[in-house]
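Have a look at it first, then read on.

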Amino acid sequence: MKKLLVIAFIFISGFTQAQVTSKEEVTPELVQKREEQKKEITANYLALKNSLITSDSLSVVKNAEALKNSLKNFKFKKLTLDQMNAATTTRKAISDLAAEMAATKNINKQRKIFETLSVKYWDVASKFKAADATLYLQACPMTGAVWTSDSKEIKNPYYPKNMLTCGEVKASL
């Protein structure tokens, strides 16, 4: 009988703890913190893109590091196991590409890496986008290279000297 009571007590306390943890996950403070993380990731990506527009390779290094660091603590929510695995793999790939961009000061190499990073970023942009933001997928019709922007106005990060306004909006979130 004592064993049965002990087992029941353990079960009830475990269930109660799960309820408390579940309630903690949806507090307004945690929702706000998550939105701030999303805004930070998006802001860091956009700053990286803008550094390429101005051809400032040192700023690219700084912003690539910032993007990598902001991705580190972000946790995906409300995904199936397969979606979670895919999103986590993509986040790691973006982080690795950002580290690769930070490791070189050659603006042309940084732009080449950014092409791949931008494709992967758009794949998970809906997860990183803050609720009050709109993001646009833009593409250079000459090369097919894409990037994400927070404005419909085209500013091509790949060819800012020759083709700054060359591009088109392909999609939005």
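Which elements do the buried residues of α4 pack against?

## Helix α4 and its neighbours

They pack against α2 (28-53), α3 (57-72) and α5. Keep in mind that this is a predicted model. The buried residues of α4 are Ala-87, Thr-90, Arg-91, Ala-93, Ile-94, Ser-95, Leu-97, Ala-98, Met-101 and Ala-102. If you're wondering about the spacing in a list like that, an α-helix has 3.6 residues a turn, so residues three or four places apart point the same way.

How does the length of α4 work out? The helix covers residues 81-102, and at 1.5 Å a residue its 22 residues should span 32 Å; the end C-alpha atoms sit 31 Å apart, so the two values agree.

## The overall layout

Stepping back, the protein has 5 helices and 3 strands. Starting at the N terminus, the elements go α-α-α-α-α-β-β-β. Of its 173 residues, 38% count as buried. The accessible surface comes to about 10600 Å², with 57% of that belonging to carbon and sulfur atoms.

The 3 strands make an open sheet in the order β2-β1-β3, with antiparallel pairing. At the edges are β2 (146-149) and β3 (168-172), each pairing on one side only. From one strand to the next, the twist averages 35°.

Zoom in on β1 (residues 136-139) and you'll find that this strand pairs with β3 in the antiparallel sense over 4 bridges. Ala-139, for instance, has Glu-168 in β3 as its bridge partner. Helix α5 (residues 107-128) lies across β1, β2 and β3, and runs at about 55° to β2.

## Aromatic rings

There are 8 aromatic pairs in the structure. One of them is Phe-114 with Tyr-158, a tilted pair at 5.9 Å centre to centre with 45° between the planes. Phe-114 is in helix α5 while Tyr-158 is in the loop between β2 and β3, so this pair ties together parts that are 44 residues apart in sequence.

Are these two residues buried or exposed? Both Phe-114 and Tyr-158 are buried. They also belong to one aromatic cluster, together with Tyr-45, Phe-74, Phe-76, Tyr-121, Phe-128 and Trp-147.

Key. Residues are numbered from 1 along each chain as its sequence is written. This is a predicted model: local features need pLDDT of at least 70, side-chain atom pairs count only at pLDDT 80 or more; totals for chains, interfaces and linings use all residues. Side-chain values use heavy atoms; hydrogens and water are left out. Two strands pair if DSSP finds at least two bridges between them. Helices (H or I, at least four residues) and strands (E, at least two) are DSSP runs, numbered from the N terminus. Axes are lines fitted to C-alpha atoms, for helices over the stretch in contact, and angles run from 0 to 180 degrees between N-to-C directions. Contact means heavy atoms within 4.5 Å. The expected span of a helix is 1.5 Å times one less than its number of residues. Buried means under 20% relative accessible area, exposed over 50%, partly exposed in between (1.4 Å probe, protein chains only). Accessible areas come from the Shrake-Rupley method with a 1.4 Å probe; for residues, only the protein chains shown count as cover. Rings of Phe, Tyr and Trp (its six-membered ring) pair if their centres lie within 6.5 Å; planes under 30 degrees apart count as stacked, over 60 as edge-to-face and the rest as tilted.
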